[in-house]
Amino acid sequence: MTAISLEPAQLNPATRGLFEPTTMAGIPLQTSFAMAPMTREQSPDGVPTSAVADYYRRRAEGGVGLIITEGILVDHESAGHETDIPRLSRPASAAGWKQVVDEVHATGGAILAQLWHQGSERSADAGPVWTPSGVREDGRPCGRAITIADIDHLISLYADAARAAHGAGFDGVEIHAAHGYLLDEFLWAATNRRTDRYGGSADGRTRLVTEIVAAVRDATTPNFPVGVRFSQFKEREFAARIASTPDELSRLLTPWVEAGASMLHASTRRLWEPAFDGSARTLAGWAKAITGLPTIAVGSVGLTADGVHDGPSTTTLAAISALRDSGELDLVALGRALLANPAWVRHVGAGRLDELVDYRKEQESVFA
């Protein structure tokens, strides 16, 4: 693996390590930047098109080391209702993703398939809604509580999707267990009010994700990278917490390691913020300290050109690079910054900040 064709003199010594080749869970990467998943709704009937392949290829060409796809719905009617969100287990969808994978690999990039079930975020008008306990976090009714038989079927669907991802040539998969979607609803005590083995304490709430990790591992190969994305905050409740203490977080995360997880993706609103009172350690830092697994950290990086080198001492790229150097994280994920700036990594590495476009909300509806 080679670097992204930058002259050493162009690289800021304080951030140089982010732009050099590295590995993550055994995957060779051209830089320490990842592309965070962002729903694009550009796959008619769940099938990625050549435009989707071009979209991801441009980000890999722009210096992103690891592409993480938008959420790919597991193949069940409860998983999501939007027809333009991609699937994977169906033959046509797998063929479309094979084209995407090949395009990313041709640039020297790597790519993970993110596997997703929307849970209570799914529209009830479009079909069945599965939730852990049939309620939202405030106790209002929502969908129907998933049964043990449903859980067994759901686990098999994740295994099927992982098997298809392996067959399509993906470098690994990421299980989406963040932001208030179905798997995160199991982790969150406010939405998981079950009294069976999938509820109650942290040990019960984490069981479904653990069993999915194990099934995905069994469906692929012993060295196929399996990541899990998790968060404290939810899209509808920023103050939410799945763990109030490092010990509780350990009880949630440690079983995933034992089941075969290869990496963790800590999603935060601002990656540099401390995860718990009394310590400056970030959520990614706690995840790595607890499990020993490599971590990806994401949260508000690179949204403006000025913020790359200027701003509070904890938010600049140099400060984030220092977190990496200290062992709190392995990869830095960019999300919204890459919507209007496919070559963000290359431009920042070369010091061409004048070529960056600051993030604006309307960019989320642009696909290029």
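This report looks at one helix pair and at several salt bridges in a predicted model.

Let us start with helix H7, which covers residues 246-259, and helix H8, which covers residues 283-291. Their axes lie 9 Å apart, and the two helices pack at an angle of about 60°. The crossing of H7 past H8 is right-handed.

Which residues of H7 and H8 meet? From H7 come Pro246, Leu249, Ser250, Leu253, Thr254 and Val257. From H8 come Leu283, Trp286, Ala287, Ile290 and Thr291. Sorted by class, this contact of H7 with H8 has eight nonpolar residues and three polar ones, with no charged residues.

## A salt bridge within helix H1

Now for the salt bridges: a search of the whole structure finds 22 of them. One of these joins the side chains of glutamate 61 and arginine 57, with an N to O distance of 3.0 Å. Both residues belong to helix H1 (residues 50-61), and because they are four residues apart there, about one helical turn separates them.

How do the two partners compare in accessibility? Arginine 57 has a relative accessible area of 18%, so this residue is buried, since buried means under 20%. Glutamate 61 has 38% relative accessibility, so glutamate 61 counts as partly exposed.

## A link between distant parts of the chain

Another salt bridge brings together the side chains of glutamate 248 and arginine 205, again listed at 3.0 Å from N to O. Here the pair links distant parts of the chain, as the partners are 43 residues apart. Glutamate 248 sits in helix H7, while arginine 205 sits in helix H5 (residues 202-205). With a relative accessibility of 5%, arginine 205 counts as buried.

## A partly exposed pair and a network

Arginine 270 and glutamate 273 form a salt bridge too, and their closest N and O atoms are 3.7 Å apart. Is arginine 270 buried or partly exposed? Its relative accessibility is 32%, so arginine 270 counts as partly exposed. Glutamate 273, at 37% relative accessibility, also counts as partly exposed.

Some salt bridges share partners, and in this way Asp54, Arg57, Glu61 and Glu103 are joined into one network.

Definitions and conventions: Residues numbered from 1 in each chain as written. Predicted model: local features only at pLDDT ≥ 70, side-chain atom pairs only at ≥ 80, totals over all residues. Heavy atoms only, no water. Axes fitted to C-alpha atoms, helices over the stretch in contact; angles between N-to-C directions. Left-handed = near helix turned anticlockwise from the far one by under 90°. Contact = heavy atoms within 4.5 Å. Nonpolar A, V, L, I, M, F, W, Y, C, P; charged D, E, K, R; others polar. Salt bridge = Lys/Arg side-chain N within 4 Å of Asp/Glu carboxyl O. Buried < 20%, exposed > 50% of the residue type's maximum accessible area, 1.4 Å probe, protein only.
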